[in-house]
Amino acid sequence: MIEIKNLTKVYKTKKGEVKGVDNVSLTVKEGEIFGIVGYSGAGKSSLLRCINLLERPTSGSITVDGTDLTSLKGEQLRSSRLKIGMIFQHFYLISQKTVYENISFSLKAANYPKDQVKQRVEELLKMVGLSDKRDVYPSQLSGGQKQRVGIARALANNPKVLLCDEATSALDPTTTKSILNLLKKINKELNITIVLITHEMDVVKEICSRMAIMQDGKVIEDGSVYDIFANPQAALTKEFIESVVTLEIPEVILNGCEGPIVKVTFRGKVAGEGVISDTLQQFNLKGNFLHGSIEYIQELPLGIFIMELKGQKQEIEKALQYIENRAAQVEVLRNGL
Ligand SMILES: Nc1ncnc2c1ncn2[C@@H]1O[C@H](COP(=O)(O)OP(=O)(O)OP(=O)(O)O)[C@@H](O)[C@H]1O
Ligand SMILES: [Mg+2]
């Protein structure tokens, strides 16, 4: 659906050139929710703004729904852009206009048939759950309600893609959840492809199927959210995951361990099965659990357990092999075999 090829965005400033995006290539598939994560200044917004050509790339190409946007200008570009809606952290609603007018404004700007505007706005308000706020001004709305107006406005012209720039970063956790649920509903019911940028890994874990991690303008890792959580490669990716899955063990506890300390990661259904207890029994080992969690990533369990193993060295080796053969990943963290 979205094909980004060798995209670079260089900003010319008084102090010289700044690379906002550095040779990024990514594919976003039709119907998915794709997350882009990175710290402040990583280039997330620059990349997102290039997708709808709010910012013209310095080099590289952007193809959305089969059209190479970088080759278009003027009217052609304007009409292709209608396929792409966008929402922002700070909503950018027009304060002198009512909720109704904020939404109808973008329909009028796109020459929507005049006699259908009212019906369309009401339909959109219903979808975002704001029918009762039709005639109020933005100042009378909560943050979550403002973002709902932003979403209704972004969807007005039936886009195929919705770009979200930190859409929940200004909201509290409960409101964030309700907006994420609304985005999920839009994705499913309207089959709109969503690209979402955030610095919160929680958001990605909650609704994205695939993701990319950005650092210094580059994509340093990308893939399915589940795979990245199960087996992160880059140090920064690990850091982001640790912000939602904490597996810290106090140093005094670690120092008190004699046997090897292993981390076992179970994927999928097996996370709930008794593989560890079976193994301990079979190889006559004792397991001292130091940490354990089962994360649910879009309803698919990912089990992570850290334990000290006590028993005969040879049996421990066999046991680790046995666990590994059962869909798990085993990593010796300390006191090697
Ligand atoms: N209009 C601009 N002019 C000059 N430099 C810019 C401009 N926009 C962004 N940059 C620079 O490009 C880099 C990437 O910025 P960008 O806003 O894309 O990061 P970000 O990941 O969205 O950060 P944040 O999480 O803070 O929103 C930064 O070094 C930034 O200073
Ligand atoms: Mg940004």
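Predicted model: local features only at pLDDT ≥ 70, side-chain atom pairs only at ≥ 80, totals over all residues.
**Entry 1, the hairpin.** I looked up how strand E9, residues 210-215, meets strand E10, residues 218-224, and found that the two pair in the antiparallel sense over six bridges. Within this pairing I located Arg210, which stands opposite Ser224 in E10. I then followed the chain through the hairpin of E9 and E10, where two residues lie between the strands, and noted that Asp216 takes a positive phi near 50° there.

**Entry 2, the sheet.** I next traced the sheet to which these strands belong, and recorded an open sheet of six strands in the order E6-E7-E8-E3-E9-E10, with mixed pairing. Strand E6 (84-88) and E10 stand at the edges and have a single partner strand each, so one side of each is left without a neighbour in the sheet. Neighbouring strands of this sheet are, on average and with direction ignored, turned by 15° against each other. For a parallel pair I went to E3 and strand E8 (residues 193-198), which are joined over five bridges in the parallel sense, and I marked Ile36, which stands opposite Ile197 in E8.

Which residues are closest to ligand 1? I counted 14 residues surrounding ligand 1, and the closest are Ser40, Gly41, Lys44, Ser45 and Ser46. I checked individual contacts and found a polar side-chain atom of Ser40 at 2.5 Å from an oxygen atom of ligand 1, while a polar side-chain atom of Ser46 also lies 2.5 Å from an oxygen atom of the ligand. At Gly43 the contact comes from the backbone, with an N or O atom 3.0 Å from an oxygen atom of ligand 1. Ligand 1 taken alone exposes 630 Å², of which the protein buries 62%.

I then asked where the shell comes from, and noted that strand E1 (2-13), strand E2 (16-28) and helix H1 (44-51) each supply at least two residues. H1 gives the most to the shell around ligand 1, namely four residues.

Confidence is lowest in strand E14 (residues 328-334), at a mean of 86, and highest in strand E3 (residues 33-37), at 98.

Note on methods
Residues numbered from 1 in each chain as written. Chains lettered and ligands numbered in written order. Heavy atoms only, no water. Near = heavy atom within 4 Å. Polar contact = N/O pair within 3.5 Å; in protein donor to acceptor, adjacent residues only side chain to side chain. Areas by Shrake-Rupley, 256 points an atom, 1.4 Å probe, with all protein chains shown as cover. Pairing = 2+ DSSP bridges. pLDDT = per-residue confidence, 0-100. Axes fitted to C-alpha atoms, helices over the stretch in contact; angles between N-to-C directions.
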